Amino acid sequence: MADISTSGVSGKVVIKNIGLLLSGDLDQPILQADTLVIHDGLITAVGREKDCDLEGAQTVIDARQTCVCPGLIDSHVHPVFGDWTPRQNQIGWIDSTMNGGVTTMVSAGEVHLPGRPKDIVGLKALAITAQRAFDNFRPGGVKVIAGAPIIEKGMTEQDFKDMADAGVTLLGEVGLGSVKAGYEAQQMVAWARKHGIQSTIHTGGPSIPGSGMIDKDVVLEADADVIGHINGGHTSLPEAHVCELCEKSSRAIEIVHNGNERVAIAAARAALELKCPHRIILGTDGPAGSGVQPLGMLRMVSLLSSLANIPAELVFCFATGNTARIRKLNCGLIEVGRAADFVFMDRAQHTAGKTLLESVQLGDIPGIGMVMIDGIVRCGRSRNTPPATEIPVVVSGH
């Protein structure tokens with residue numbers, strides 16, 4: 001096998017002999033194509049090999065009839081600085097999660113920073129610093145969208161404008177700071193939205209000291225863009241209240257690994273019954289008290305597919321295209337112009353499933369044979385998943 005690249009610009013890359021191409025798009029989850037062409041990190045062609053321009057490729061990858069899927073997007077993480085988490089004093093957790101197929105992470109607040117400032121000047125400074133730091137540093141190539149301030153009492157519209165002008169695009173979980181009343185949260189969420197900052201609200205019981213119970217009425221009144229960990233992080237609202245949130249709110253329904261699995265299944269089913277599956281997005285809510293889960297996103301896909309009885313190809317859309325559209329990211333979908341962020345998968349060795357999708361439907365997680373970010377191969381066979389039955393091969397290039 002040719003050398004695996006870790007830096008630089010991808011140039012022209014051709015991926016051929018794809019056995020299953022998952023699109024990330026709920027309306028057409030499986031594409032009738034076997035070839036992808038990439039130029040400098042962006043998809044330039046999706047189709048049949050005979051119809052694509054393969055000339056002049058610096059890198060050619062034979063997918064060996066395995067599955068290519070958009071890289072998974074973890075909609076809910078709590079990074080701090082670098083590839084270290086003080087929550088579990090663990091180094092390398094982001095790179096390890098890339099080995100679980102995650103190519104993009106979205107911060108729900110840098111809450112675990114020791115001595116996290118809670119004064120308004122300090123929290124704004126932390127958000128801007130985190131945004132800048134992860135814009136400049138990508139562990140394992142993973143795109144970490146960070147700089148998500150935890151809002152506190154006393155903030156004004158000017159504070160949100162200042163952060164937006166500095167490049168901050170997210171709010172951390174509303175409810176982790178001193179703002180817990182629905183009317184206060186609603187005002188600040190509206191200011192954030194006015195200035196192009198997307199908001200997420202904590203849902204359920206407290207998760208860390210200082211956070212509080214956020215019930216369905218507060219969630220509805222605050223009207224944040226994302227109902228964060230609707231299945232609790234960890235402690236969930238009653239199942240009936242979760243279903244009520246799905247019905248009465250039009251906002252994104254975020255289901256996480258570090259939450260209540262029973263309620264995760266109920267929330268997914270409720271969204272399907274309400275005919276709004278496009279609202280479902282997935283995250284891990286790690287690092288957390290339960291640790292770091294490098295395979296957390298794959299485990300969520302397997303859980304919802306097998307126990308909520310949702311076709312696996314649709315659940316992969318929850319973890320990719322749905323999140324990309326709601327979070328306004330240029331990845332997560334296999335279409336021209338999108339970032340060439342892919343995870344190459346196959347059925348795990350000795351799974352009972354005859355195909356990758358069947359194995360996931362039966363509750364197994366797939367084996368990852370390669371991860372690509374911006375058209376550059378970031379890892380070969382995953383060190384964390386069960387071994388894939390077949391893996392792609394770099395047949396030429398770097």
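Predicted model: local features only at pLDDT ≥ 70, side-chain atom pairs only at ≥ 80, totals over all residues.
The protein chain holds 11 helices and 20 strands. Its radius of gyration is 20 Å, close to the 21 Å that the globule rule gives for 398 residues, so the chain is as compact as a globular protein of that length. The C-alpha trace spans about 60 × 40 × 35 Å along its principal axes. Of the 398 residues, 61% are buried.

Helix α2 has 17 residues. From its first C-alpha to its last, α2 reaches 25 Å, close to the 24 Å expected at 1.5 Å a residue. Its buried residues are G122, L123, K124, L126, A127, A130, Q131 and F134. These buried residues pack against three elements: α1 (93-98), β12 and α3 (157-165).

I128 also sits in helix α2. Neighbours within four places in sequence aside, I128 is in contact with A166 and V168. G147 is 19 residues from I128 along the chain, yet their C-alpha atoms are separated by 5.8 Å.

Helix α8 covers residues 296-307. At 1.5 Å a residue, its 12 residues should span 16 Å, and its end C-alpha atoms are 16 Å apart, which agrees. The helix is mostly covered, with 9 of its 12 residues buried. The buried set consists of G296, M297, L298, M300, V301, S302, L303, L304 and S305. After α8 comes N309, whose phi is positive, near 60 degrees.

Beyond its neighbours within four places in sequence, A352 is in contact with E358, L362 and D364. E254 is 98 residues from A352 in sequence, and the two are 30 Å apart in space, C-alpha to C-alpha.

Pockets were examined next. Rolling a probe the size of a water molecule over the atoms shows where empty space is left. The largest pocket has a volume of about 360 Å³. Its lining comprises 17 residues. Q198, D225, I326, R327 and K328 lie nearest the centre of this pocket. By class, the lining divides into 7 nonpolar, 4 polar and 6 charged residues.

The second largest pocket has a volume of about 170 Å³. It is lined by Q131, F134, D135, R138, K143, V144, I145, A146, G167 and T169. The elements that give two or more residues to this lining are α2 (120-136) and β12 (143-145). The lining of the second largest pocket has 4 nonpolar, 3 polar and 3 charged residues.

How values were computed
Residues numbered from 1 in each chain as written. Heavy atoms only, no water. 1 Å grid on protein atoms, 1.4 Å probe; cavity = no way out; pocket = protein on both sides within 12 Å on 5 of 7 lines; lining within 4 Å. Points joined across faces, edges and corners; volume = space filled by probe spheres on them. Nonpolar A, V, L, I, M, F, W, Y, C, P; charged D, E, K, R; others polar. Helix = DSSP H or I, 4+ residues; strand = E, 2+ residues; numbered from the N terminus. Expected span 1.5 Å × (residues − 1). Buried < 20%, exposed > 50% of the residue type's maximum accessible area, 1.4 Å probe, protein only. Contact = heavy atoms within 4.5 Å. Rg over C-alpha atoms; globule rule 2.2 N^0.38 Å.
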